[in-house]
Amino acid sequence: MNKRNLSIYIHIPFCVRKCNYCDFLSFPADETAREAYVETLLAEMKLEAGKYEGYRTTTVFLGGGTPSLLTVEQVKRILDSLQSCFPFEESQEPVEVSMEVNPGTVTYEKLLGYRAAGVNRLSIGLQSAEDAELKKLGRIHTYDMFLETYRAAVLAGFCNINIDLMTALPGQSMVSCRDTLRKVLSLTPKPSHISAYSLIVEEGTPFGEWQEQGRLQLPSEEAEREMYDLTGRMLQQAGYARYEISNYAREGYECRHNLVYWNRGDYLGLGLGAASMMQNVRMSNETELSAYSRRVARGGQKPEQQILTVQEQMEETMFLGLRLRKGVGKEQFRCLYGCEMEEVYGQIIQKHVKDGLLVNGDFVALTEKGIDVSNYVMADFLL
């Protein structure tokens, strides 16, 4: 029997302290709370396992928060239980198992243990190579601490490493942006993947409050665009292909897990607040820890379920697919929905082609100019 592909996201909500820009579901917790959470995760896996017998796991992502606050033994239990409950795909190419790691939370021995437990891809949160910028962000590490973590990861045998970067930071200049990129590109060996996002100030964060009070000094929109362009130029000159608006990879190292999101594949979210999408049904776990733990202990179903209409599916196909540099394939659209893309979105496509924001061939994709106003273009496909 042909089994469907399944990607699994596991949320680890714990962190040392909240960063000034962070609105993710994360918070500090002691060792006892972290262990209790791991036990709840294992129970949720067993609770969900019977529903996915027709699936094979192809990618796993441990995100947070700071998953690297967990011990090696805890990560091993999670991955062992996961593979028992949701059998991994058997092929020559191993299942991609990614884990977010923050400098200051790991050692060489810990990284060696994570690799032995089954993690084969790391995502290290650098954000900036300038210590003054890291301090403003509220990060717990310095650039030297990042270097120590990166070298330890390489020594531990990791050859698939992503570096997270942020631009348009408080106090950041073109000079410091270029310096961060230069330092990252001088790493030996070079990272296989780089994610580079512009800072978004969210309500309810310290940055959000400071902005309202006029205390947050950010680069201008023009400077932000110049930083984005500089990032793209430097990374492409260094051999990285931009395969998504904010993601760059050396050949063969695109993040397979994130591609599932952008291509609307099936994924199961485990843990506090984790989201799932299975065959056009979206589900979310509770965001309050005690409620999540009680529901799992009772053996209850995921609390929030939304069956997507065909129109909503089409909108997501366009909105998410346009994030990819290749865009959205017309043949894929036709196979999914039994109609031509132009029948639904013809006028919108023509409008943005005329304005130089889209290209229209076998794939509909953003131009370089379109990427600069991607949110404006993609919002037009929400009918």
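Predicted model: local features only at pLDDT ≥ 70, side-chain atom pairs only at ≥ 80, totals over all residues.
Residues are numbered from 1 along each chain as its sequence is written, and side-chain values use heavy atoms, with hydrogens and water left out.

First, the terms for the pocket. On a 1 Å grid over the protein atoms alone, a pocket is an open set of points with protein on both sides within 12 Å along at least five of seven lines, and lining residues have an atom within 4 Å of a point. Its volume is the space filled by probe spheres set on the points, which are joined across faces, edges and corners; the probe is 1.4 Å.

In this pocket, 31 residues form the lining, and Val260, Asn263, Arg264, Gly265 and Asp266 lie nearest the centre. Two or more lining residues come from each of strand E1 (4-12), strand E2 (55-64), helix H9 (256-262), helix H11 (310-321), E13 and helix H12 (330-337). Helices (H or I, at least four residues) and strands (E, at least two) are DSSP runs, numbered from the N terminus. H11 gives the largest share of the lining, 4 residues. By class, the lining has 8 nonpolar, 15 polar and 8 charged residues. Here Ala, Val, Leu, Ile, Met, Phe, Trp, Tyr, Cys and Pro count as nonpolar, Asp, Glu, Lys and Arg as charged, and the others, Gly among them, as polar.

E13 also belongs to an open sheet of 3 strands, ordered E13-E15-E14 with antiparallel pairing. Strands pair if DSSP finds at least two bridges between them. E13 and E14 are the edge strands, each pairing on one side only. E13 (residues 328-329) pairs with E15 (residues 363-366) over 2 bridges, and Gly329 has Phe363 as its bridge partner. Between E14 (residues 358-360) and E15 there are 3 bridges; Leu358 is partnered by Leu366. E14 and E15 form a hairpin, with 2 residues between them.

Last, the helix pair. Helix H1 (residues 31-49) packs on helix H2 (residues 72-85) at an angle of about 5 degrees, with the axes 9 Å apart. Axes are lines fitted to C-alpha atoms over the stretch in contact, and angles run from 0 to 180 degrees between N-to-C directions. H1 is therefore roughly parallel to H2, a label for angles under 35 degrees. The contact (heavy atoms within 4.5 Å) includes Val38 and Leu42 of H1 and Ile78 and Leu82 of H2.

Terms used. Parallel < 35°, antiparallel > 145°, perpendicular 65-115°, else oblique.
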